[in-house]
Amino acid sequence: MVETSRWRPFGADTLSSRPGAAGLFNPGRVVGLVLFAAAALCPLFLNEFKVGLIGLGLTYGLFAVALDLAWGRTGIISIGQAVFFGLGTYGVAIALVHHGSPLLGGAIGVGLAAVLGIFTAAVGLRRATNPSTMAVLTLAITLLAEKIARDWWSVTGGSSGLYVPPLISTYSYYYISFVASVGVVGVVWLTVLNRPLGNRLTAIRLNDKRAEHLGIPIFRERVVAFALSAAVSAIAGCLSAPWMSSVSPDRVGIVLSTQVLVWVAVGGKATLLGPFVGAVALTYGQDVLASSMGDSYLLLLGVLFILSVLLVPNGIAGLFLTGPQLADTTPAAKAPAGPRGERGGDALVAENIVKRFAGNIAVDGANLQVKSREIVCLIGPNGAGKTTLLNILSGAVACDAGTVTLCGERIDAAPPHRRVAAGLARTFQIPSLFPGLTVTEHLILARQEAGMVVPLPEAYARLEHEHAGQLVEMLSLSDRRSLEIAMALCSRPVLLLLDEPAAGLARHEADALAKTLRALRDQVGCAIICVEHDMEIVRNLADRVVCLHHGRVISEGTMAEVSANPEVRRAYLGLA
Amino acid sequence: MSAWLQIFLDFVWTSAGLALVAFSLGLILGELKIVNIAQGDLMMVGAYSMYAMRTLPFLVALVLTFVVGLLLGFVLERGALRWVYDKGFMATLLATWGVGIVLEQGAATIFTVSQKGIDSPIKGLIEIGDVAYPAYRVVVAAGIIVMLAGLLLLVYRTSLGLRLRASIDNVEMAAVLGISPQRTFAMVFAVATALAVLAGALIAPTIAINPTLGLSFLAPAFFAVLISKPGSLGGPVLGAVAVEFTFTLLQAYLNITVAESILFGLLALLIVVKPQGISWSWTTAREEAS
């Protein structure tokens, strides 16, 4: 469920770096303050009916922010979000009808929403599920909930719903809604979005593969984000109940689920202001215009929605607020260069690794042993299984048989983020970075996950000095590769896996690479496994060369030994 | 005995309609990689189209409605969807969501939200065993089964079908072999839309026509697609039969809402056990088992 934005290297239409929007008086904050004041003062100027409308709009604004937590921030689609909202609304309404405590009823609703959210996400966001699964599940839940609310009349009052008597005066409840909605958003901002968790959610949205290989537990964080989104939706539902004269099945149904998507899409994803403005403006507009336009108002809304998806994918707020930004969570802890836990012996032992892809055997009982601080180059003709083996070691692909041990710890069943914690780091053949983030932001993420700041070797520290505020889309290929290695080094890896680090580099860059990587090993002290086709680099880089063919190791030793091996020659030259 | 025969006939009737909708949905998901949430609304368009042409002979109206479907699909693909292909899965999903809202509200604006109905062209009952079943349903179910068999033969046994499956499997590679993605996308979406519209048109005489009639078909059709392998075209058809069979059985013993809740629970369980969907093909199932 990750939004794939098109990778535009050297794209002339992207800014090379984002304009500094962190100042006190950036446009977002000014507009936010003006709107905050307007919402605080509007009861002085408007009649009771309109105040009620805006009060309801504010609770809808909180609902929209809740959806945005899942959709805009984490990239999880939910097209049935009203289920969670409705659980809160019905919780309060049922409590009021039975003369119970609305706070207790609301709390039960919020709890149920969180549980349902965890359940839905745990089913729909598992690693192997298709991206469409979550969309279908949430859609099915909202359709089902509407039916249950209609059918279970002894509890929900059926189609006609439950009558909620007004609690206190419109004006008093307006201020309760206002303070509560803005307050909950503030708490979410302070405890989630502006914290390491918020950065993780952004990272997962932008590139879940890279996030996982940085050590972020992506499944767990997605479930957390979705459960949080469900719970906040239910809180919004609780707050909205007293604004409705009757709570009916459409509170959990597909129409409200649709509306909240429209509010967020039109207002602006991944902002705080956008969903709020979208919700208040469209709720107000609906009531004012619907009386004169009727159904054609909803038609207009649909057209508006399509246009905003097609033309302004980031919504109105996205037009003047700049792209994703991370909180600076650089840890205070500093660590010396060098791998964690200096030790001799084997960094990695992989035994009898087997991987089949639908009957085609990619890796067929390969064995690989890497000593601490050793540089091993993996060579072999195309299709030998080099990248598959690397993917098995890093956990991107599960092997069918075999064991992988890192520093004496079995890791073959561990997900990628655990392997990072155990001391593994990797790069990809095509550099895998976070589109839309700057070089500095990439390093913030890497250091946040490492929990400390380590000095980078000069060849990589240079990036941070020269290209700090630049978007990664603007970097040259060799700089993007360097950035990936720099991020990998932040975790003080015991073993670094490099997949064709020289592919696509200019000759002089490739020549420098072997030297840079050997210097890196000496300085950082990690072992390296490097898949490489350029034999010149292999000759200069490797302590030991391992040659794979048809998924098996056919020869290992020094470059001279391996290249003299007749079997290797046969494999490369295709002789029988 | 006759009660079970009645249930079986109902099952055949509902699963035939659902299979057609699911086939169309699977076609769109397979070729365009789009989750078409407007699928139910396309059925709704079919029903209203038949209502608008209720004075014409039924078969003429049916053919014209199919043409309306082709045109609608072509316009939607060229006018809206093609602009979001490169914006990712979520944007395409939302675009179809938007299309659905516009179709629904458009119908509400033109025809109002009050329920409409059309006459069945074939009246009377057919005696099957000791059950008298509406003749129209028998004829339409048979027609849909024949049509689906023809479509599946077309997909799996002709060179046109081969080109389609090649394009579903790898659109870039197929493009290199001379199968234009733009033309295939437009064609596939137009045909799939027309099939969904046709399904709506065929069931129109048996239901109350209103702007949100498509919603009740949406979830089961998605279930049918979700439990089959991505990109499979025969899978959704069998998936529809499986979903409808389970649902019919549950409904025979339980209240409809409880039955739907259990169906949903079963689906969730299936996703956990088989996240990639069920392969309905005998050969790949055997390969997986070995």
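1. Chain A has 23 helices and 12 strands, where helices (H or I, at least four residues) and strands (E, at least two) are DSSP runs numbered from the N terminus. This is a predicted model, in which local features need pLDDT of at least 70 and side-chain atom pairs count only at pLDDT 80 or more, while totals for chains, interfaces and linings use all residues. Residues are numbered from 1 along each chain as its sequence is written, and chains are lettered from A and ligands numbered from 1 in the order in which they are written.

2. Along the principal axes, the C-alpha atoms of chain A fill a box of roughly 90 × 50 × 45 Å. Among the contacts in chain A with a separation of 6 or more, 78% are between residues 24 or more positions apart; a contact requires C-beta atoms, placed from the backbone, within 7 Å.

3. Chain A is divided into domain 1 (48-251) and domain 2 (346-573), with bounds from an automatic or database domain assignment. The C-alpha centres of domain 1 and domain 2 of chain A lie 43 Å apart. Their contact takes 13 residues from domain 1 of chain A and 18 residues from domain 2 of chain A. On the domain 1 side, helix H8 (196-206) and helix H9 (208-213) of chain A each supply at least two residues.

4. The largest nonpolar core has 263 residues, of which Leu495(A) and Ala22(B) touch the most other members. Such a core is a set of buried Ala, Val, Leu, Ile, Met, Phe, Trp, Tyr and Cys residues joined through C-beta atoms within 7 Å. Helix H8 (residues 181-203) of chain B gives the largest share of this core, 15 residues. Domain 1 (48-251) and domain 2 (346-573) of chain A each contribute at least three residues to this core.

5. Leaving aside neighbours within four places in sequence, the contacts of Leu495(A) include Ala347(A), Leu348(A), Val370(A), Leu406(A) and Cys526(A).

6. Between the chains, 40 residues of chain A are in contact with 40 residues of chain B. Helices H4 (102-124), H5 (132-151), H11 (254-267) and H13 (295-311) of chain A are the elements that give two or more residues to the chain A side. H5(A) provides the largest share of that side, 11 residues.

Technical notes: Contact = placed C-beta atoms within 7 Å. Buried ≥ 20, exposed ≤ 12 C-beta atoms within 10 Å, placed from the backbone.
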